[in-house]
Amino acid sequence: METPRQSYSDQKNHLGNNLDLYLMALNSANSGIIITDNLQPDNPIIYCNRAFEKITGYKHDEIIGHNCRFLQLQDRSQSERQEIKKSIKEGTECRVQIRNYKKNGKLFWNELFVSPVKNERGEITHFIGVQNDITEAKKNEHELREEKASIERKIEDRTKQLKDNEIFLSSIIQTVRESLLVLDADYKVLSANSHFLNTFKVTSLDTVGTLLFELGNHQWDIAALKELLIKILPTNNPVIDFEVEHDFPYIGKKIMLLNAYRIEFEGQYKDRILIAIEDITEKREIDRRKDDFLSIASHELKTPLTTIKGLVQLLQRMPPEAATQKYTTTLDKVGSYVDRLNNLITELLDTSKIQSGNIELHKEPFDIYKTIKDTVENLSLATPDYKIILSGNTNAVILGDELQISQVINNLISNAVKYSPGTNTIEVYLNKVGNFIKVSVTDYGMGISAQDKAKIFERFFRARDIQKKFPGLGIGLYISHEIIANHKGTLWVESEIGKGSTFSFTLPIMNVEDNG
Ligand code: ADP
């Protein structure tokens with residue numbers, strides 16, 4: 001409840017008419033206080049305390065007798081002035097923040113309370129004005145407002161930028177000719193692009209919000225795939241080329257290649273997974289047809305060639321009586337060209353066998369040094385312009401298909417000769433590394449660019465600039481690579497363009513128990 005106001009005479013009694021105390025109290029106040037006499041013309045100031053002198057910079061004598069408006073100097077158009085005028089006219093209280101000026105002309109913000117003072121008959125005899133210099137607070141308030149506005153502007157800009165980025169990204173995602181899905185951390189689909197919806201003949205309603213593993217007829221519900229996907233977020237290890245062969249709803253049997261990555265977009269969406277799905281059914285079918293063709297064609301070519309070879313051998317064994325030297329050398333040439341053709345066709349057959357996984361290994365223990373030595377000797381005879389230097393030795397025994405391994409060495413040395421015209425040295429080095437033997441073939445020829453290095457072990461790859469200059473099918477290294485891999489070794493190359501290449505392979509040395 002509100003305490004009833006003390007009457008004027010009550011207060012008077014209480015203070016015992018002690019004027020000094022009033023004055024002392026007023027002068028100790030921090031707020032500037034003035035009293036104006038409303039009964040005199042122009043409402044002059046009849047009292048001001050010390051704080052008022054301090055705030056305004058004017059002395060007591062320069063203040064008394066003036067109307068308060070001198071504090072506004074020429075700054076008269078402020079609406080707050082009308083407010084003060086109105087409350088003086090109507091005898092009400094008012095509170096304004098108004099621009100005032102000190103004696104030295106410096107602006108200060110004055111928070112002014114004006115209240116009327118009434119006598120016992122209720123007439124307004126005076127006004128009391130209480131003022132506080134709030135310049136500092138105003139300045140802070142202004143700065144705060146500015147800062148807020150600038151932060152708001154920044155947020156607006158950033159939001160716009162993000163929105164633009166999002167539109168940009170989503171337009172890429174929608175246009176890309178690959179099926180894309182974005183999943184949240186629980187593998188629920190957040191979005192699917194139009195290529196996905198078109199490929200799988202589904203709607204966004206069937207897809208978005210559903211768990212990946214529950215899509216369609218659960219085609220992606222594969223334990224091995226789940227295991228890989230679970231690792232993506234914590235380890236950032238992508239899922240690369242995961243093949244799914246499945247009878248999909250609406251589109252039937254297809255082979256899909258799936259790649260999945262953690263999305264890292266300025267740290268914002270890092271708990272999301274992007275899945276790209278490629279339909280490779282047709283590509284596989286074309287590859288298969290190509291392989292079938294190769295295998296049939298080489299088979300068909302080989303049969304008459306074997307007969308030709310037999311006939312040439314027959315003619316060599318039974319030369320006519322009048323056979324000239326030219327006759328025999330020509331026949332020998334035919335024989336060696338038939339051999340070359342036969343080797344090429346065998347290589348082609350080998351590739352299709354490798355592709356279909358039908359290559360057979362006839363494993364027997366053999367002395368690797370002897371195999372290499374024999375191959376080097378044979379090739380040295382065939383290429384008398386080159387010095388093929390064999391160094392290193394090991395008495396290691398390898399358990400494997402000797403014919404295939406000698407085919408690898410043969411390939412590497414033949415390539416070294418073929419791709420190093422104008423040089424005359426090839427080095428073959430054999431040594432033991434741990435439980436393996438390592439064989440290196442070094443030439444000082446044309447070398448291989450870094451770009452080509454990644455591809456030379458692929459089927460039918462030939463470096464662009466040599467295609468026309470040197471004969472070949474681009475399968476020797478592919479076959480060699482597969483042969484070494486089948487023997488649990490590795491084949492690789494180190495090379496510098498213009499300086500030469502070193503092809504090396506390893507093979508595990510046979511343990512005594514291996515043969516048991
Ligand atoms: P081919 O020799 O029939 O082209 P390969 O599979 O043996 O097929 O070799 C593939 C490609 O690798 C070659 O075409 C050539 O570009 C490159 N290559 C192989 N060996 C060497 C080598 N010693 N120096 C430079 N390039 C080589």
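Predicted model: local features only at pLDDT ≥ 70, side-chain atom pairs only at ≥ 80, totals over all residues.
Residues are numbered from 1 along each chain as its sequence is written. Local features need pLDDT of at least 70, and side-chain atom pairs count only at pLDDT 80 or more, while totals for chains, interfaces and linings use all residues; side-chain values use heavy atoms, with hydrogens and water left out.

The annotation "domain: PAS", from an unreviewed entry, covers residues 18-91. The annotation "domain: Histidine kinase", also from an unreviewed entry, covers residues 296-511. UniProt positions are given in the numbering used here, feature names are shortened, and annotations may be inferred rather than shown by experiment. Secondary structure was assigned from DSSP runs, numbered from the N terminus (helices: H or I, at least four residues; strands: E, at least two). Residues 18-91 are 45% helix and 14% strand. The end C-alpha atoms of this span are 28 Å apart. Residues 296-511 are 46% helix and 21% strand. Here the end C-alpha atoms lie 40 Å apart.

Several local features fall within residues of the PAS annotation. Tyr22 is found in helix α2, residues 19-28. Together with Leu19 and Leu23, Tyr22 forms a nonpolar patch on the surface. The accessible area of the three residues together is about 280 Å². Patches are made of residues with over 30% relative accessible area and no salt bridge; like charges are joined within 9 Å, and nonpolar side chains (Val, Leu, Ile, Met, Phe, Trp, Tyr) within 5 Å. Areas come from the Shrake-Rupley method with a 1.4 Å probe, and for residues only the protein chains shown count as cover. Tyr22 is partly exposed, because its relative accessibility is 36%. The classes are buried (under 20% relative accessible area), exposed (over 50%) and partly exposed (in between), with a 1.4 Å probe and protein chains only.

Ile88 lies in helix α5. Ile88 counts as partly exposed, at 29% relative accessibility. Leu73 is found in the loop between α4 (60-63) and α5 (79-90). Its phi is positive, at about 45 degrees, although Leu73 is not a glycine. Leu73 has 34% relative accessibility and so counts as partly exposed.

Lys488 also has a positive phi without being a glycine, at about 65 degrees. Lys488 sits in the loop between α15 (476-486) and β16 (491-496). With 66% relative accessibility, Lys488 counts as exposed.

A negative surface patch is formed by Glu136, Glu143, Glu146 and Glu147. In this scheme Lys and Arg count as positive and Asp and Glu as negative, whereas His and the chain ends are not counted. The place of a charge is taken as NZ of Lys, CZ of Arg, CG of Asp or CD of Glu. Glu136 lies in helix α6, residues 135-175. Its relative accessible area is 51%, so Glu136 is exposed.

Side chains of opposite charge can pair when their charged atoms come close. The structure holds 19 salt bridges (a side-chain nitrogen of Lys or Arg within 4 Å of a carboxyl oxygen of Asp or Glu). One of them joins Glu123 and Arg121, with an N to O distance of 3.1 Å. Glu123 is partly exposed at 39% relative accessibility, whereas Arg121 is exposed at 66%.

Asp164 and Lys160 form a salt bridge at 3.3 Å, N to O. These two residues are four apart in helix α6, so about one helical turn separates them. Asp164 is partly exposed, with 39% relative accessibility. Lys160 is exposed, with a relative accessible area of 52%.

Asp339 pairs with Lys309, and the closest N and O atoms of this salt bridge are 2.6 Å apart. The pair links distant parts of the chain, 30 residues apart. Asp339 is in helix α11 (residues 325-355), and Lys309 is in helix α10 (residues 281-317). Both residues count as partly exposed, Asp339 at 32% relative accessibility and Lys309 at 23%.
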